[in-house]
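Here's a quick look at a protein model, with an eye on charge pairs, surface and confidence. Have the structure open as you read.

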Amino acid sequence: MPAVLLFTLSAAAPLTVAAGVLPTAYAVTGVGALSAAILAVAVLLGLFSVGYLAMSRRMTHVGAFHAYVARGLGRPAGVGAAWVALIVHNVLQVGLYGAVGAATAPLLARWVGGTPAWWLVALAAWALVAVLGGSGVTVGRRALAVLLLAEVAVLLAFDVGHLLHPADGLPGPDAFSPAHLLTPGAGALLVVATVGFVGFESAVLLREESRDARTVPAATCLAVGIVGVVLAFSAWTLTVATGPDRVAAVAGEQGVDLLFTLAGEQLGPGAVGLGRVLLVTSVLAALVSLHHTTARYAFALGRERLLPAPFGETSPRTGAPRLASAAQSVVGFVVIVGCASAGLEPVRHLFYGAMATGALGMLLLTTATSFAVLAFFSREVTDENLWRRAVAPALTTVALVAVVVLALADVTVLLGVGPDSPLRWAVPAVFPLTATAGTLWALLLRSRRPRAYARIGLGPESAAADLPDG
């Protein structure tokens, strides 16, 4: 179970979220109830996992949300979800290029006496990721485990330092009260909180390799709980160190440096140096991992003919998905060059904007999957008890719909744009438009290649389905 837990937690990148997402979220939204939002999302995802894990025990394909949507709501809806998931994975991966430039700049200034443009550092990281992705080299699980444990240890040390040096005295536990979620802008915070839980559902990938049937449920619940507690605590201690009423202003001034500026005042330069190095390695590891995840997801969709067939081919030398990996690298390059040419800020615009957009898409995917779980158990006769097959999925679905409504109402707060900005409708519109396109593609497959259509969501068994249809 510890191995499955570490695999699930490795995508969370807690130091990256704490150093980059949390301060930027405070600065952009101006709302200080982030710790309460993180705990609320942790509880909601824990409740979601009840039905999700129950359904996973009856799925031959346990690799992605789109398979659950296809099984519960029909294959056309599953293809729509698959295309949305591909967009979400791409957005989350390329957004990290904004973080790696900002994270590396202070170290380069200290080591070589100069600070190159963020996009030069991002392009260097991009080249490394492209080479590793094309050659099939991944970050080993042991390396991820060491980095993860070191990140959490340093982050908790920073948090303790914040508590020992409060700006206005140590505030009470009311900062975690759900009542804060009734304030304006709460929908934006709930979306931001979702960033820390990206990948929580991935434990089911290891179900067939687990010795004990209880391993995956335990690892999933522990992952959600650990991420929720660590990030909620870190979000709260930032307000302690700066003052609850000033955290947004201070975060706006210092951005990604906030965590390390406070640590330097409280723990000294040694702790800051270690923290900055771990932040860079955390971002790089996340970039490589997400590149492989996204490329392999595109490969799986190509194999099922939900993308053009060449996406489903692998390199005979390395076994890596050639076109899928190359396409992911091209997307990253275009985004870096485009943002640099437009003069966008790497953290606020690229990193935070991508994380917020990706989290909104992940929230919509989770909601669709919750509907699918509810629909699946309404048709299937199983031995699951009433709580797992009906009550928990129903409560989750209602709660997720409410969160989506709040999130869409607070899109301007989430993105930090004015009410007249076209981004207010353009960003949310990407997901339903993509889902519609995927649904239409599924309907086209059903009429032209029915055998391939019948294999949607079946995973590896789908590879041979297209051969007779030519």
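## A salt bridge to start with

The side chains of D257 and R276 meet in a salt bridge, at 3.3 Å from N to O (the term takes a side-chain nitrogen of Lys or Arg within 4 Å of a carboxyl oxygen of Asp or Glu). D257 sits in the loop between helix 10 (247-254) and helix 11 (258-267), and R276 in helix 12 (residues 269-303), so the pair ties together parts 19 residues apart in sequence. Helices here are DSSP runs of H or I with at least four residues, numbered from the N terminus.

D257 is partly exposed at 30% relative accessible area, while R276 is buried at 14%. For those words, buried means under 20% relative accessible area, exposed over 50%, and partly exposed in between, with a 1.4 Å probe and protein chains only.

## Ground rules

This is a predicted model, where local features need pLDDT of at least 70, side-chain atom pairs count only at pLDDT 80 or more, and totals for chains, interfaces and linings use all residues. Residues are numbered from 1 along each chain as its sequence is written, and side-chain values use heavy atoms, leaving out hydrogens and water.

## The charged network

The salt bridge count comes to 6. One of them joins R58 and E384, at 2.7 Å from N to O. R58 is in the loop between helix 3 (34-56) and helix 4 (65-73), and E384 in the loop between helix 14 (346-379) and helix 15, so this pair links parts 326 residues apart in sequence.

E384 also forms a salt bridge with R388, with the closest N and O atoms 3.4 Å apart. Salt bridges that share partners join R57, R58, D383, E384 and R388 into one network. E384 is buried at 5% relative accessible area, whereas R58 is partly exposed at 25% and R388 is partly exposed at 36%.

## Confidence

What is the mean pLDDT of the protein? The value is 85, and 90% of the residues reach 70 or more; pLDDT is the predictor's confidence in each residue, from 0 to 100. Among the elements, helix 1 (residues 2-9) has the lowest mean pLDDT (72) and helix 15 the highest (94).

Over residues 464-470 the pLDDT is below 50, and this stretch has 14 contacts beyond near neighbours in sequence (contact means heavy atoms within 4.5 Å). Where pLDDT is low, the predicted coordinates should not be read in detail.

Terms used. Helix = DSSP H or I, 4+ residues; strand = E, 2+ residues; numbered from the N terminus.
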